[in-house]
Amino acid sequence: MAKKNKQFVEKVTAMEDDFAQWYTDVVKQADLVDYGPVRGSMIIRPDGYAIWENIRDILDAKIKETGHENMYFPLFIPESMLQKEKDHIEGFAPEVAWVTHGGDEELQERLVVRPTSEVLFAEHYAKIIHSYRDLPKLYNQWSNVVRWEKTTRPFLRSLEFLWQEGHTCHASDEDAARETRQMLDVYASVFEDYMAIPVLKGKKTEKEKFAGAAYTLTIESLMHDGKALQAGTSHHLGTGFAEAFDIRFTDEDGELQPVHQTSWGFTTRSIGAMIMVHGDNRGLVVPPKIAAKQVMIVPIAQHKEGVLDKAYQLKEQLGSIARVDIDASDKMPGWKFNEYEMKGVPIRLEIGPKDMEKGQAVLVRRDTGEKQFTPIAELETAIPELLEDIQRSLFEKAKQHREAKTTVARNMEEFKQNLEQNPGFIKAMWCGSRQCEDQIKEETTATSRCIPFEQEIVADTCVCCQEPAKELVYWAKAY
Ligand SMILES: [Zn+2]
């Protein structure tokens with residue numbers, strides 16, 4: 001058995017040796033995706049899609065709880081419509097996919113396959129908003145978008161991905177600002193409370209903000225290899241799109257005013273974050289709250305009388321307290337252990353003839369490998385407790401990892417040294433100039449991740465130019 005285990009694990013490159021290869025191996029071995037026929041496109045397999053469905057359902061409920069309604073917009077955007085907001089088209093032009101023909105006829109106007117839907121919403125809002133009584137408008141859509149990326153990786157950067165995009169209109173700047181922050185907090189809650197991934201909340205610099213936004217709020221997470229990943233963004237669009245698309249309303253004094261807008265998006269990239277925060281050299285580790293299957297029953301010596309009956313009976317009995325499945329195939333238990341470790345199922349439940357004699361089952365947690373023998377009569381309370389404990393400890397572990405990989409730099413020498421010796425988030429003061437931001441990226445390849453809401457003063461001068469500092473910024477190499 002030991003030899004077999006070893007061979008199985010060897011299919012996955014050790015993360016210490018090559019993290020990028022480890023990621024690719026796990027995504028494939030855990031059967032989350034297959035590659036699509038077009039370079040950079042992905043087929044999301046049932047095990048990957050089930051995780052997305054769980055995340056989606058959690059987020060969708062929160063979007064509705066906060067007063068938003070779902071709707072659906074078309075996939076194509078006429079070129080002239082995308083051109084209307086200048087910053088927006090400039091930001092997206094390099095990565096849009098164009099439709100030039102319908103059947104064998106060349107189109108009079110090229111169409112864009114949506115990279116995001118700000119302009120579609122804007123055009124629609126211009127038609128339906130007239131008076132202050134029509135505000136706010138709080139709409140969301142779940143859809144796919146296409147961005148023609150040059151380098152691609154499953155979930156992290158793919159030609160097509162799934163997401164939700166919220167688009168709202170408000171009567172005042174303050175209302176839009178409140179909405180922008182509210183949705184960032186919703187995203188943070190999905191990451192921290194369900195995906196067990198701690199996030200930093202803050203604002204993007206001018207350089208890193210969304211094309212066409214007044215400002216962008218972001219949640220940033222840290223992966224196992226010390227690289228950051230932007231986990232979700234929420235944009236205050238100001239009145240830029242309202243001016244370009246003429247979305248105006250008559251206020252209570254009878255004056256015509258542009259609306260104040262927001263947009264916010266959460267994507268299948270989040271699954272990439274989950275893999276890179278919680279995974280280990282045995283494969284995926286899925287937090288219980290978003291796991292497709294929370295408990296996998298593996299019968300031991302299942303040819304012996306009564307074992308399979310008991311295993312199925314347990315599945316039935318535990319089905320109301322957790323998402324439970326059973327593998328009663330004729331594969332060896334050792335193969336099954338490895339398989340469900342690779343897939344990251346939070347708890348394995350083993351039941352065999354000896355356990356039955358003792359009236360117990362064996363519970364093995366995926367995150368630590370710890371085994372516990374639990375009386376069958378107590379499983380209904382033990383399993384939910386164990387799932388909760390796994391959820392909590394995954395979050396704590398990720399938080400400790402982030403803290404251990406967050407350092408302070410007061411000058412560029414320290415900055416580079418930290419990046420080399422302990423890559424992660426670097427807290428450093430910044431003067432606010434684009435020039436310093438560019439220079440830091442040029443010298444280190446690290447980018448500004450966010451200006452955190454929780455500010456501290458770690459030095460008086462800018463890490464780069466040593467001029468008086470304006471604010472604290474988190475920097476990191478990023479996905
Ligand atoms: Zn500076």
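Author: Glu341 and Arg348 form a salt bridge, with 3.3 Å between the closest N and O atoms (a side-chain nitrogen of Lys or Arg within 4 Å of a carboxyl oxygen of Asp or Glu). The model is predicted, so local features need pLDDT of at least 70 and side-chain atom pairs pLDDT 80 or more, while totals for chains, interfaces and linings use all residues. Residues are numbered from 1 along each chain as its sequence is written, and side-chain values use heavy atoms, without hydrogens or water.

Both Glu341 and Arg348 are buried (under 20% relative accessible area; exposed is over 50%, partly exposed in between; 1.4 Å probe, protein chains only). This pair also belongs to a network of salt bridges in which Arg282, Glu341, Arg348 and Glu350 are linked. In total, the structure holds 32 salt bridges.

A further set of contacts involves Arg365. Asp367 forms a salt bridge with Arg365, and the closest N and O atoms of the two are 2.8 Å apart. Asp367 and Arg365 are both buried. Asp389 also forms a salt bridge with Arg365, with the closest N and O atoms 2.8 Å apart. Because Asp389 lies in helix α13 (residues 379-404) and Arg365 in strand β18 (residues 360-365), this contact ties together parts that are 24 residues apart in sequence. Here helices (H or I, at least four residues) and strands (E, at least two) are DSSP runs, numbered from the N terminus. The relative accessible area of Arg365 is 8%, and Arg365 is therefore buried. Asp389, by contrast, has a relative accessibility of 28% and so counts as partly exposed.

Cys431, in the loop between β21 (425-430) and α15 (434-444), and Cys462, in the loop between β22 (447-452) and β23 (471-476), link distant parts of the chain, 31 residues apart. Cys431 has a relative accessible area of 18% and is therefore buried. Cys462 has a relative accessibility of 0%, so Cys462 counts as buried.
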